[in-house]
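Dear colleague,

I am handing over a structure that you have not worked with before. Please look through it alongside the notes below.

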Amino acid sequence: MTAMIEVRGVVYDYPSARALHGVSFDVQAGAVLALVGPNGAGKSTLMRCIAALDVPTEGTIAVAGLDVETDPRGVHAAIGYLPDFFGLYDELSVRKALTYAARSRGVSVADTPAAVEAAAARVQLTDRLEARAGELSRGLKQRLAIAQTIVHRPRVLLLDEPAAGLDPEARRSLSDLILSLSREGMTIVVSSHILAELEDYSTQMLMIRDGAVAGGGVLAAGAGHRDGSRVEVVFAETPDDLGDRLVALGVTVERLEGDAATLVLADGEDDSALLAQLIGAGLKVRAFQASRKTLEDAYLAEVAR
Ligand code: ATP
């Protein structure tokens, strides 16, 4: 299977400095990739290259099988791109702004009114369709900008810091929107510094640091990802010799604080077998669940390397 986005050896030079130093990775169709990294790491530069707005100094990028250098127009039609700092036409109404975005991205005259209504509804702007873009609050401007990027139903969505400036409710709506677009089959790349939020919808994480891919490249992340090697246990009763009894069972105890313990599974051991073992030894277990490795844990571990 070919990837929806293929980045190969991308170098990008600004006149004053090199921002990307040979970046390579793939994003598979249907993935939601969290692009993370410290300020100035090169995330926005990388997004602009994928969006066929800047041409890499070296290397190649293909989006939906189209080369960004030889077919930028084709790439523009296939993607939706929300830059970190976006501009709107202040004098246009929301309806006109979305109509313009739809038409300029190849939606037919006949299909445009429905596409405009659908995009406005997805970001809860239906009741503001006749408002001028310039008079919207910052958060509503952000929602209009997001609506403009999805109005033509692109196959690939690139969102650079889409949650910046949104209130908590709008952020939640944005997370829901990203999840629903993903379920409809869109491939999505999102950069953000709000890791807890990326966690809600990302299937993968890529960390960029100093213009290069950090760590092991694209990592599994977020929704549903579990660290299979550990379980968190809460005991209903805590006998004084609980620690000793666990050790006597051959269980590796990483942490034991009061009634809560983190236990490490042996290689290949099934967590249900461990639970049966604890109960079989007469221990009263109140809660038992696989440890969740958060995106934030993965990020901080990577930064500390
Ligand atoms: P942030 O998280 O702060 O948005 P980022 O990871 O998106 O950062 P970039 O904006 O891509 O990082 O910047 C990467 C590097 O390129 C930085 O060192 C930055 O100073 C430099 N840079 C970015 N834009 C330009 C420009 N137009 N001209 C020169 N250098 C630039």
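What follows is a short account of the domains, the ligand site and the aromatic pairs.

This is a predicted model, in which local features need pLDDT of at least 70 and side-chain atom pairs count only at pLDDT 80 or more, while totals for chains, interfaces and linings use all residues. Residues are numbered from 1 along each chain as its sequence is written, and side-chain values use heavy atoms, with hydrogens and water left out.

By an automatic or database domain assignment, the protein is divided into domain 1 (3-220) and domain 2 (226-292), and their C-alpha centres lie 43 Å apart.

Among the polar contacts (pairs of N or O atoms within 3.5 Å), an oxygen atom of the ligand lies 2.7 Å from an N or O atom in the side chain of S44, and an oxygen atom of the ligand lies 2.6 Å from an N or O atom in the side chain of T45.

Two aromatic pairs were counted, where rings of Phe, Tyr and Trp (its six-membered ring) pair if their centres lie within 6.5 Å, and planes under 30 degrees apart count as stacked, over 60 as edge-to-face and the rest as tilted. Y12 and Y14 form an edge-to-face pair, 5.0 Å centre to centre with 75 degrees between the planes. Y12 counts as buried at 10% relative accessibility, whereas Y14, at 35%, counts as partly exposed; buried means under 20% relative accessible area, exposed over 50%, and partly exposed in between (1.4 Å probe, protein chains only).

Best regards

Definitions and conventions: Polar contact = N/O pair within 3.5 Å; in protein donor to acceptor, adjacent residues only side chain to side chain.
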